[in-house]
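User: I'd like to learn how to read a few features in a structure. Could you walk me through them one at a time?

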Amino acid sequence: MKAYEIGDTSKGIGLRLVDRPALKPGFGQVVIKVRATGLNARDLSILKGGLMGKSVPSTRIPLMDVAGDVLLVGPGVSRVKVSDRVTMTHYWKWLDGAWDVSMREEDYSNTLDGFLAEQALVQADPLVKIPDSVTYEDASTIPSAGLTAWNAVIEAGHTKPGYTVLTIGTGGVSMFGLQWAKMMGARVIITSSSDAKLEKMKALGADVAINYRTTPNWSQAVLDATNGRGADVVLNNVGMGEMEQCLMACASGGKVMYIGANAVTPDRKDAPPTALTRFPNLIIKDLTIKGIIVGSRRMFEDLLAAMATNNIKPIIDRVYAFDQVHDAIAYMQSGDKIGKIVIRVG
Ligand SMILES: NC(=O)c1ccc[n+]([C@@H]2O[C@H](COP(=O)([O-])OP(=O)(O)OC[C@H]3O[C@@H](n4cnc5c(N)ncnc54)[C@H](OP(=O)(O)O)[C@@H]3O)[C@@H](O)[C@H]2O)c1
């Protein structure tokens, strides 16, 4: 089977196409025929050879999102059968209940081979079935960006009708944040560097659209748009450099979901957020900063049920073929996209 390995990253992205031997499932495992995968901000770090200060071996198959068919089933597997349409999360050990940091150790695309390949050997436990109404391409956008936004808006944010949800940027996580928040009946404020993108956001249902380049004090614009009240749930999809304004944009009792861990712009600044040192902002407004780490299999099943019931379509900017991976990465790096980039595999 054909697969891309991250290859020699000494001069940047060094992807190489290789032939790998046929995969055979062991106990509790399955082999998936990969139909679609896609790009996330974190993938760019792995494609450059490391993640959070740790290197990734040159033989690693990258990309953590997957949608495909079950091709082979190993002994002891009853969750799925051959031909089932499936997807899964990359931290496969988080099935339900609370997250534990030890679950990070087994991570498809990082410590285990990922999905930029014709086939993949995976554990059966994390697999979730794709509803008939959801295409492979749509399903392949959800495991990281869709589930993270679901966790932030629904599980941790407890978004209710009438809430104001602020989501920053127009990347993969933010687009799902917009969709889940609208599904819950919230008012959505979104920011972007581009007026053209903001026009598209309004067409997608955003109630207020703010250009963070031309309005550098965008947290004040959020307060102005909410009669001084602020946002109940804020998706910080960018990083610590934006945390101060996220806190300033909060309503009393507001929650900031800290999601952005990998650079989303080449010039990202990770300045310490001064609002954290201004105790009155945190205490007088009773704010919470909540770390978000993707989501569990149970959350993923809830998400897919909601998606099918509400006929929600992920925002996909472009779909590339398996042999156009380098073009897909270049487009991701251009910063021009809205939402997701998909790679169709087979
Ligand atoms: N915690 C988790 O479990 C988890 C899961 C998934 C992703 N993430 C992280 O979440 C972040 C976003 O991921 P993604 O896949 O959605 O990235 P992405 O698709 O690359 O989107 C990045 C977007 O960030 C926006 N942006 C950049 N600088 C900004 C700034 N200063 N202020 C506001 N927006 C800014 C840009 O929006 P415009 O082009 O509109 O300006 C850009 O489109 C990454 O750091 C990623 O690693 C974390």
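**Reading the features**

Analyst: Let's start with Arg60, which counts as buried at 12% relative accessibility. Buried means under 20% relative accessible area, exposed over 50%, and partly exposed in between, with a 1.4 Å probe and protein chains only. Before going on, some ground rules: this is a predicted model, where local features need pLDDT of at least 70 and side-chain atom pairs count only at pLDDT 80 or more, while totals for chains, interfaces and linings use all residues. Residues are numbered from 1 along each chain as its sequence is written, and side-chain values use heavy atoms, with hydrogens and water left out.

User: Where does Arg60 lie?

Analyst: Arg60 is in the loop between strand 5 (54-55) and strand 6. Helices (H or I, at least four residues) and strands (E, at least two) are DSSP runs, numbered from the N terminus.

User: Which residues is Arg60 in contact with, leaving aside neighbours within four places in sequence?

Analyst: Contact means heavy atoms within 4.5 Å. By that rule, Arg60 touches Tyr4, Glu5, Ile6, Ser109, Asn110, Thr111, Leu112 and Asp113.

User: Which polar contact joins Arg60 to the side chain of Asp113?

Analyst: General idea: a polar contact is a pair of N or O atoms within 3.5 Å; within protein, one must be able to donate a hydrogen and the other to accept it, and residues adjacent in sequence count only if both atoms are side-chain atoms. Here the side chains of Arg60 and Asp113 are joined by one of 3.1 Å. A polar atom of the Arg60 side chain also lies 3.2 Å from the backbone oxygen of Thr111.

User: On to salt bridges. How many does the structure hold?

Analyst: The rule asks for a side-chain nitrogen of Lys or Arg within 4 Å of a carboxyl oxygen of Asp or Glu. The structure holds 19 of them. One of these is between the side chains of Arg16 and Glu5, at 2.9 Å, N to O. That pair links distant parts of the chain, with Arg16 in strand 2 (residues 16-19) and Glu5 in strand 1 (residues 2-5), eleven residues apart.

User: Is Glu5 buried or exposed?

Analyst: Glu5 is buried, with a relative accessible area of 8%, whereas Arg16 is partly exposed at 32% relative accessibility. Glu5 also forms a salt bridge with Arg20, whose closest N and O atoms are 3.2 Å apart. Glu5 lies in strand 1 and Arg20 in the loop between strand 2 and strand 3 (29-39), so this pair ties together parts that are 15 residues apart in sequence. Arg20 is partly exposed, at 21% relative accessibility.

User: What about a pair inside a helix, such as Arg298 and Asp302?

Analyst: Arg298 and Asp302 form a salt bridge with closest N and O atoms 2.7 Å apart. Being four residues apart in helix 9 (residues 297-310), they are separated by about one helical turn. Arg298 is partly exposed at 27% relative accessibility, and so is Asp302 at 34%. Elsewhere, salt bridges that share partners join Glu5, Arg16, Arg20, Arg60 and Asp113 into one network.

User: How do I read the interface between domain 1 and domain 2?

Analyst: The size of an interface is often given as the accessible area lost when the parts come together. Buried area is that loss with a 1.4 Å probe, summed over both parts. Domain bounds come from an automatic or database domain assignment, which here gives domain 1 (2-141 + 314-344) and domain 2 (146-291). The area buried between domain 1 and domain 2 is about 1100 Å², with carbon and sulfur atoms giving 66%. Across this interface the rule finds zero salt bridges, but there are three residue pairs in polar contact, both residues at pLDDT 80 or more.

Terms used: Buried area = accessible area lost by both parts, 1.4 Å probe.
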